[in-house]
Amino acid sequence: MSPWQPPEGVTGEVAAIVVTAAAPRGKKYKCAMAEAIRARPDLRVRSGRASAKERLQHFTLGPFMESLDAVERHHRPLALSDVLGAVERNARLHDGLKKWTSDAIRRYMEVFNREHDTPETRLRHVPKRWIYRVEVCKPGERGAQAYEISAWGRCYESVDGRVRELRLIGIRAGAEPRTDAEIAIAAFVTARAAPDDQLERVRVVVFAPDSDEQATLFDDTPQRAVSAYEEHGRGALAEIVDGHGYQPGTACLRCAFAPRCPALPRANGLLGVDGVGRPRRSWSVTSGRAYQACPARAHLRDLNLPTSRAVEHSDAARRGRAVHALLAARHTDRADGPCTLDLGVDWSADGHGLTTDDLALGKAMLRHHAEVCPLRHLPADARVCVEPRLTFEDEQAQVLVIAEPDLLYRDGGSWVWREVKTSAREHRGGTDLLSAYPQLALGVLVLARGELGGSRARSRVELEVLRPGGVDLEVVDPFTPQVRQNAEAVIRDMVHRWRADDLFTAQPTAHHCARCEVAVWCRAKDELAAR
Ligand code: SF4
Ligand code: SF4
């Protein structure tokens with residue numbers, strides 16, 4: 001394979017390759033080119049403009065780590081109560097983040113309470129993060145003179161230097177599990193950063209404040225840590241450092257190369273708002289709806305705080321997910337042609353935990369879908385994209401727009417954007433279609449502006465609503481001036497207040513608070529209840 005080359009617009013000498021143990025995580029949402037550029041911090045993007053800064057802290061774990069540093073520092077540590085007081089007074093933290101941070105710090109102190117430790121087993125905090133660094137005499141194909149690997153977490157060692165423990169910190173216990181590669185790299189960094197002949201034991205544990213305990217990922221000798229790295233880590237890191245290929249998506253928000261990237265579609269003015277001089281952000285219809293319900297809800301979701309299972313996994317939500325999962329699988333595997341009334345004898349919505357009634361309702365809905373399955377009228381080789389992730393950079397708004405239609409397919413030379421909804425009600429209310437389903441409004445704008453290319457002739461937006469007794473299929477023409485104006489108004493209304501908002505103040509209402517997945521972090525709802 002030819003050596004990695006920086007893309008057009010990226011300049012500079014590569015003095016060092018710098019990676020972290022977390023680099024192999026979340027590949028699905030990462031972009032290989034962005035990761036390879038990030039691994040070369042000496043490179044510069046020509047004409048890359050710095051975005052304005054957010055007023056609120058958007059790095060969820062930042063205040064948690066800083067607070068623990070203050071409690072655990074060797075010289076004049078702060079009392080826990082003082083640190084929690086400082087969190088409450090910190091004007092850069094949203095109230096929901098204050099609550100999460102305070103709870104997380106207390107939980108951490110409980111889980112790692114070592115009051116029964118002896119002087120031999122006691123661990124002390126290592127303030128300087130462990131980094132493995134090696135300098136090479138002769139730069140290889142990558143041109144680097146040094147390689148650095150770090151592991152993001154809290155570092156501890158025993159007083160006698162025989163034990164080291166790296167505590168990886170997560171926000172949600174049920175998040176994506178750590179891979180063998182990440183664990184091996186973390187153990188390697190723990191073993192080999194600042195080499196010490198005394199070291200006998202290397203531990204890597206993971207802690208998430210919403211779990212009852214830490215989980216041990218690695219507990220072995222330094223030699224085994226090095227072997228694990230050779231087996232699982234080294235190749236994974238090499239693949240990342242030498243990565244090619246673009247994958248536009250949420251990663252584009254933090255990518256320094258975004259202003260020059262040839263793979264990031266530009267859709268200036270798509271949202272119809274002006275954000276010049278404002279912090280660059282990402283937006284989707286889902287986040288826009290959360291903001292409409294309550295600004296704090298959108299912000300706390302954006303911080304990725306743990307959410308309520310009861311809200312996110314209501315019967316209706318589970319049924320909707322099960323139906324969408326089967327449709328996505330069938331439309332992806334087109335070997336059997338279009339969907340039919342035959343669901344397959346074993347469709348039982350495995351893993352979705354449906355009640356008997358919801359399973360029956362889901363089956364009825366799937367059979368109704370067969371009447372309007374778009375594959376019925378398409379040639380076998382027609383392009384069909386199932387739940388494609390579309391990304392557009394709206395520079396005027398300073399917003400990265402993310403959309404995921406349920407289905408995008410070609411009808412002749414034209415793109416058709418289809419959304420599929422499930423509803424236990426038999427009839428739609430009288431509300432305007434685009435206001436009720438803003439995904440359609442975004443689809444209208446994307447197609448009307450020709451952002452996907454293709455012919456206008458049969459380009460359209462479709463809404464399929466699966467109901468207990470049948471299916472509605474609504475067709476929207478994006479090229480009708482009135483429809484386009486309506487779509488512009490719907491999206492602009494959703495975005496303009498959010499675009500100007502820096503503080504995301506909670507706006508509690510009984511209706512929305514009862515359905516809020518991040519309510520556990522919100523103290524404003526308690527004030528509403530007390531009124
Ligand atoms: S802007 Fe997006 S697609 Fe382009 S390199 Fe960065 S992350 Fe990848
Ligand atoms: S509980 Fe209510 S006030 Fe709090 S974030 Fe949720 S919707 Fe907003």
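1. By class, the shell of ligand 1 holds 10 nonpolar residues, one polar residue and no charged ones; here Ala, Val, Leu, Ile, Met, Phe, Trp, Tyr, Cys and Pro count as nonpolar, Asp, Glu, Lys and Arg as charged, and the others, Gly among them, as polar. The residues around ligand 1 are Cys31, Ala34, Tyr246, Gln247, Pro248, Ala251, Cys252, Cys255, Phe257, Ala258 and Cys261, a residue being near a molecule if one of its heavy atoms lies within 4 Å of it.

2. The model is predicted: local features need pLDDT of at least 70, side-chain atom pairs count only at pLDDT 80 or more, and totals for chains, interfaces and linings use all residues. Residues are numbered from 1 along each chain as its sequence is written, chains are lettered from A and ligands numbered from 1 in the order in which they are written, and side-chain values use heavy atoms, with hydrogens and water left out.

3. Ligand 2 has a shell of eight nonpolar, no polar and two charged residues. Its surroundings consist of Cys294, Ala296, Arg297, Ala506, Pro508, Cys513, Cys516, Ala519, Cys522 and Lys525.

4. An open sheet of mixed pairing is formed by five strands in the order 12-15-16-17-18. Strands (E, at least two residues) and helices (H or I, at least four) are DSSP runs numbered from the N terminus, and two strands pair if DSSP finds at least two bridges between them. Strand 12 and strand 18 (470–476) are the edges, each pairing on one side only. From one strand to the next, the twist averages 20 degrees.

5. Within this sheet, how do strand 16 and strand 17 pair, parallel or antiparallel? Strand 16 (residues 414–422) and strand 17 (residues 460–467) are parallel, with seven bridges, and Val420 has Glu464 of strand 17 as its bridge partner. Helix 11 (residues 356–372) packs on the sheet, touching strand 16, strand 17 and strand 18, and its direction makes about 150 degrees with that of strand 17. Helix 13 (residues 438–448) also packs there, in contact with strand 16, strand 17 and strand 18, at about 175 degrees to the direction of strand 16. Contact means heavy atoms within 4.5 Å; axes are lines fitted to C-alpha atoms, for helices over the stretch in contact, and angles run from 0 to 180 degrees between N-to-C directions.

6. Strand 17 pairs with strand 18 in the antiparallel sense over seven bridges. A hairpin of two residues joins strand 17 to strand 18, and Glu462 stands opposite Val475 in strand 18.

7. Helix 2 (residues 62–72) is largely enclosed by the rest of the structure, because nine of its 11 residues are buried. Buried means under 20% relative accessible area, exposed over 50%, and partly exposed in between (1.4 Å probe, protein chains only). Among the buried residues of helix 2 are Phe64, Met65, Leu68 and Glu72. Their cover includes helix 3 (80–89), helix 4, strand 4 (123–125), strand 7 (154–158), strand 8 (163–169) and strand 9 (201–207).

8. Arg107 belongs to helix 4 (residues 95–111). A polar atom of its side chain lies 3.5 Å from the backbone oxygen of Ser211. Not counting residues up to four places away in sequence, Arg107 touches Phe207, Pro209, Ser211 and Asp212.

9. Most residues other than glycine have a negative phi. Phe504, not a glycine, has a positive phi of about 50 degrees; Phe504 lies in the loop between helix 14 (481–500) and helix 15 (510–514) and is buried at 4% relative accessibility. Glu387 has a positive phi near 45 degrees; Glu387 is in the loop between strand 12 (384–386) and strand 13 (390–394) and is partly exposed at 32% relative accessible area.

Technical notes: Polar contact = N/O pair within 3.5 Å; in protein donor to acceptor, adjacent residues only side chain to side chain.
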